[in-house]
Amino acid sequence: MFDYLIVGAGLFGAVFAYEASKKSKSCLIIDKRPHIAGNIYTEQVEGINVHKYGAHIFHTSDKMVWDYINQFAEFNNYINSPIASYKDELYNLPFNMNTFSKMWSIKTPAEAKAKIAEQIAELNIDEPKNLEEQALKLVGTDVYEKLVKGYTEKQWGRPCSKLPTFIIKRLPIRFRFDNNYFRDRYQGIPIGGYTHIVEKLI
């Protein structure tokens, strides 16, 4: 009865169905959830598009991908520039020169690198035994205490000293004054929500 059975009405399944239909193929899409769009599902709540499964920011450096998705929605110019609050102090994320300048009253990448290296050396951690030691070895004391520890413990529900090292392989540190979380050229959130895109695709 159908050329393809697609399991999952998320973005991948919807794009596959759209492209298959352009080649005169018939598709049946099934999903265990009572709605389309998978994890990018958005629903209107009092005029606001709510991302039911967490915020999704579309970002890519591939112009072909950007042009493709823009067939189905207009995107706003949202740039993800998170702010972390620590004891009534505000810091830019990801960790960058704006973060370090505020934290240590410094101005240059060389000063920031030196400060982090100095803190790491003072800790004298050879082989980290847990996530706390792993993070300290990567970013030093100040960045760990203010920007990593509390968030990580809240996320995992246990002390960093009780978590395995493999959870944090690296922590992104940027030695430039740029608060943009992503490095991609094209970024945004679709006006009207992601569900609207999937509706058009299928």
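1. At 26% relative accessibility, Arg176 counts as partly exposed, a class lying between buried (under 20% relative accessible area) and exposed (over 50%), with a 1.4 Å probe and protein chains only. Its side chain meets that of Asp178 in a salt bridge of 3.7 Å, N to O; the term denotes a side-chain nitrogen of Lys or Arg within 4 Å of a carboxyl oxygen of Asp or Glu. Asp178 is likewise partly exposed, with a relative accessible area of 27%.

2. A note on the basis of these values: this is a predicted model, in which local features need pLDDT of at least 70 and side-chain atom pairs count only at pLDDT 80 or more, while totals for chains, interfaces and linings use all residues. Residues are numbered from 1 along each chain as its sequence is written, and side-chain values use heavy atoms, with hydrogens and water left out.

3. How many salt bridges does a search of the whole structure find? The search gives 6. Side chains of opposite charge can pair when their charged atoms come close. Glu132, Lys149 and Glu153 are linked in a network of such bridges.

4. Helix α1 (residues 11-22) holds the pair Glu19 and Lys22, which are 3 residues apart and therefore separated by about one helical turn. Helices here are DSSP runs (H or I, at least four residues), as strands are (E, at least two), numbered from the N terminus. The side chains of Glu19 and Lys22 meet in a salt bridge of 3.3 Å, N to O. Glu19 is partly exposed, at a relative accessible area of 24%.

5. In helix α2 (residues 63-69), Asp67 and Lys63 lie 4 residues apart, about one turn of the helix. Their side chains form a salt bridge of 2.8 Å, N to O. Both ends are partly exposed: Asp67 has a relative accessible area of 38%, and Lys63 has a relative accessibility of 47%.

6. Turning to helix packing, the axes of α3 (residues 97-104) and α5 (residues 131-156) come within 12 Å and cross at roughly 105 degrees. Axes are lines fitted to C-alpha atoms, for helices over the stretch in contact, with angles from 0 to 180 degrees between N-to-C directions. Thr99, Phe100, Met103 and Trp104 of α3 make the contact (heavy atoms within 4.5 Å) with Asp142, Val143, Lys146 and Leu147 of α5. By class, this contact has 5 nonpolar, 1 polar and 2 charged residues.

7. Leaving aside neighbours within four places in sequence, Thr99 is in contact with Tyr91, Asn92, Pro94 and Leu147.

8. The largest nonpolar core contains 24 residues, and those with the most contacts inside it are Phe95, Phe100, Val143 and Leu147. Such a core is a set of buried Ala, Val, Leu, Ile, Met, Phe, Trp, Tyr and Cys residues joined through side-chain atoms within 4.5 Å. Helices α3, α4 (109-123) and α5 each supply at least two residues of this core; its largest share, 8 residues, comes from α5.

9. Beyond its neighbours within four places in sequence, Phe95 is in contact with Phe100, Val143, Leu147, Val148, Leu171, Pro172, Ile173 and Arg174. A second, separate core of 19 residues includes Ala14, Ala37, Ile40 and Ile189.

Terms used
Ala, Val, Leu, Ile, Met, Phe, Trp, Tyr, Cys and Pro count as nonpolar, Asp, Glu, Lys and Arg as charged, and the others, Gly among them, as polar.
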